[in-house]
Amino acid sequence: MPKQTTPSQDLTRGIWRENPVLIQMLGLCPALAVTNTVVNSLAMGLATFFVLFCSSLLVAAFKKVIPHEVRITTYILIIATFVTIADMLLEAIVPEVHKALGAFIALIVVNCMILGRQEAFSSKNTVPRALLDATGTGIGFIIALFLMGGVREVLGYGSFLGFPILGANYEPWIVFILPPGGFLTIGFILLALNWWERRKAERSKSDVPGAVAVERAA
Amino acid sequence: MSGESTPGAGSRRELPVMSGHIEVPSWRLLLTLGIAGALAGLLIVFVYQATQPRIQAYKALQLRLAVSEVLASPARWDTLYVHDGALVLTPPADVDAGSLEMVFLGYREDGSRVGYAIQGAEAGFQDIIELIFGYNAETNTVLGMKVLANKETPGLGDKIVKDSAFVAEFAGPETPLTGVKSTRATGAANEVDMITGATISSRAVINIINHQLERLGPMLNAYLQEAN
C-alpha cells in the first residue's frame, strides 16, 4: 500500500518535490521535442494538463467498475479520447500553435506520466484527491516545460514569448531551438537542480550536531 | 511485487493470485471495453461536430488571405476548378467540388486580370512544403509566393518563410525559375537567389512553382484564350 498522504501533499508534491519531468524523469519526449518556444511549451503543458485532469477524474470515478484485467486498456482508451478532444480544441482555438506542435499532441497518449498517475494514484484514491494529484502533477509538468521553453527561446531566438529581449546585435544560438538544444537544456537544468539539492542536503547534515564527528570516525 | 519471477521456465506456471482479487468473467471485460469505447466515440463525435466549423472557417480564411497576398489584394477573384484537363468556373453537378484542385483568377477594380493564384505541395527538407503563388500567364511571370505549411529546420530551412529578401525574390521573375547562389547571380530575369544554408528548402520552393506551371500552364493559357 502507498503511504498515506494529506490532501495538501497530494497537490504540492507533483509541483516540485516529485516534479514529473525534473525529478521523476517522466514525459521527457514532449519536454525535449516541443519546447523550442515558450508559447509551444505552454500549449503543450496545458494540453497535457487537460488530458491528465480529465483522465484522473474518470479513472477515479469509475475505478470500481473497471475490471482489473482490462484496466490499462481502459485507461489508455480514456486518455486517447481526451487527447483527441484536446487536439481538435487546440486546432479550433489556436490553429497556429496546433500547427507548430504537429504530431506531438497525438503523442500525449503515450506520455508515461499520465498513465503512471492513473495506475499509481487515481485508481486507488477518491475523486477529489485524484484531481488534487492531477492538478499538482500537471502544474509541475507545465513549470518544467516553461523552464525549458524559456531557456531555449531566449538563447535560440533572442526573444521571450515572441518579443525580442536581447537586442538586434544578439546572434541567435540556433542549436538551442534544434533537437540538441533540448538535450543540452534539460541536462544543464538537471545539473543545476541536483547540485542545489546536494548542497542543501550537505548543509542540513552539517547542522546536525555530531554528524561531522561520526563521519570523521568512519 | 512478490509475484515477479524469472521469465522462461517459470512463466507457464499459474499466475499468482492477487490478494482480494476475484476472477472476472470475460463477458464483463468485453462489456466494459465496449461501453467505454462507445462512450469515447460519442464524445469525440460531439467535439468534432462542435469544432469542425471553426477549423474549416479558419482554413478558408487563411486561404483567402493567402490568395489576396500573392495577387497583391485583387478587387475580386474567381475560383476555377481543374476538371478533365481544363479549368472550369462551375464544376459538373455530379462531381464534388471540394475534391477538385482549385486555382484562383484575380481581377482588379476595372475588371482587368491580375493573374492566377495556384497552390502546390512537394517534399522539402523534412516534410511536405505547401505554398501558394501568384502567376501572370500573359507576361509569364511569378507575382508572389507565400508558404502555407512547412516543417523545415528552424533557423535554417524556415527562412523560406521568415527571410523577407528570399520571399521578395518571387515578385516578378520570369518562369521557369532557376535557383542560383547569390554570389553567382547573373541578373537574368528568371533567376531566384537561394538561401545560404537552406539550399534544399529553397530549391523545393522553386521546384513546386515550376512543376505546377509545367502541369497547369496549358490549362491556364487555354482558359485565358477562351475568356478573351
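Tutor: Start with Asp84(B). Asp84(B) lies in the loop between strand S1 (76-83) and strand S2 (86-88) of chain B. Helices and strands here are DSSP runs, numbered from the N terminus: H or I of at least four residues for helices, E of at least two for strands. One caution: this is a predicted model, where local features need pLDDT of at least 70, side-chain atom pairs count only at pLDDT 80 or more, and totals for chains, interfaces and linings use all residues. Residues are numbered from 1 along each chain as its sequence is written, while chains are lettered from A and ligands numbered from 1 in the order in which they are written.

Student: What phi does Asp84(B) have?

Tutor: Asp84(B) has a positive phi of about 60 degrees, although it is not a glycine. Most residues other than glycine have a negative phi.

Student: Buried or exposed, this Asp84(B)?

Tutor: Asp84(B) is exposed, with 10 other C-beta atoms within 10 Å. The cut-offs: buried means 20 or more other C-beta atoms within 10 Å of the residue's own, exposed means 12 or fewer, and partly exposed is in between, with C-beta atoms placed from the backbone.

Student: Which residue of chain A also has a positive phi without being a glycine?

Tutor: Leu161(A), at about 55 degrees. Leu161(A) sits in the loop between strand S1 (159-160) and strand S2 (163-164) of chain A. Leu161(A) is exposed, with 12 other C-beta atoms within 10 Å.

Student: And where is there a cis peptide bond?

Tutor: From Thr175(B) to Pro176(B), with omega near -5 degrees. Pro176(B) belongs to the loop between helix H3 (164-168) and strand S7 (178-180) of chain B. Most peptide bonds are trans.

Student: Back to S1(B) and S2(B). How many bridges join them?

Tutor: Three, and the two strands run antiparallel. His83(B) stands opposite Ala86(B) of S2(B).

Student: What order do the strands of the open sheet take?

Tutor: S2-S1-S3-S4-S5-S6 of chain B, six strands with antiparallel pairing. Two strands count as paired if DSSP finds at least two bridges between them. S2 and strand S6 (141-149) of chain B stand at the edges; each has a single partner strand, so one side of each lacks a neighbour in the sheet. Neighbouring strands are turned by 30 degrees against each other on average, direction ignored.

Student: Which strands does helix H1 of chain B lie across?

Tutor: Helix H1 (residues 26-70) of chain B lies across S1, strand S3 (101-107), strand S4 (113-123), strand S5 (128-136) and S6 of chain B. H1(B) runs at about 155 degrees to S6(B). Helix H4 (residues 199-227) of chain B also packs on the sheet, touching S1, S2, S3, S4, S5 and S6 of chain B, and its direction makes about 135 degrees with that of S4(B). Axes are lines fitted to C-alpha atoms, for helices over the stretch in contact, and angles run from 0 to 180 degrees between N-to-C directions.

Student: Zoom out. What is the make-up of chain B?

Tutor: Four helices and eight strands. Along the sequence the pattern is α-β-β-β-β-β-β-α-α-β-β-α. Buried residues make up 29% of its 228 residues.

Student: How many helices and strands in chain A?

Tutor: Nine helices and two strands. The elements run α-α-α-α-α-α-α-β-β-α-α from the N terminus on. Of the 218 residues in chain A, 38% count as buried. The C-alpha trace of chain A spans about 60 × 55 × 25 Å along its principal axes.

Student: Now the interface. How many residues of chain A are in contact with chain B?

Tutor: 24 residues of chain A are in contact with 22 of chain B. Contact means C-beta atoms, placed from the backbone, within 7 Å. Helix H4 (71-93) and helix H5 (95-101) are the elements of chain A that give two or more residues to that side. H4(A) gives the most, with ten residues.

Student: How do the axes of H4(A) and H1(B) cross?

Tutor: At roughly 5 degrees, coming within 9 Å. H4(A) and H1(B) are therefore roughly parallel to each other; angles under 35 degrees count as such, over 145 as roughly antiparallel, 65 to 115 as roughly perpendicular and the rest as oblique. Residues making the contact include Leu77(A) and Ile85(A) of H4(A), and Ala40(B) and Ile44(B) of H1(B).

Notes. Two residues are in contact if their C-beta atoms, placed from the backbone, lie within 7 Å.
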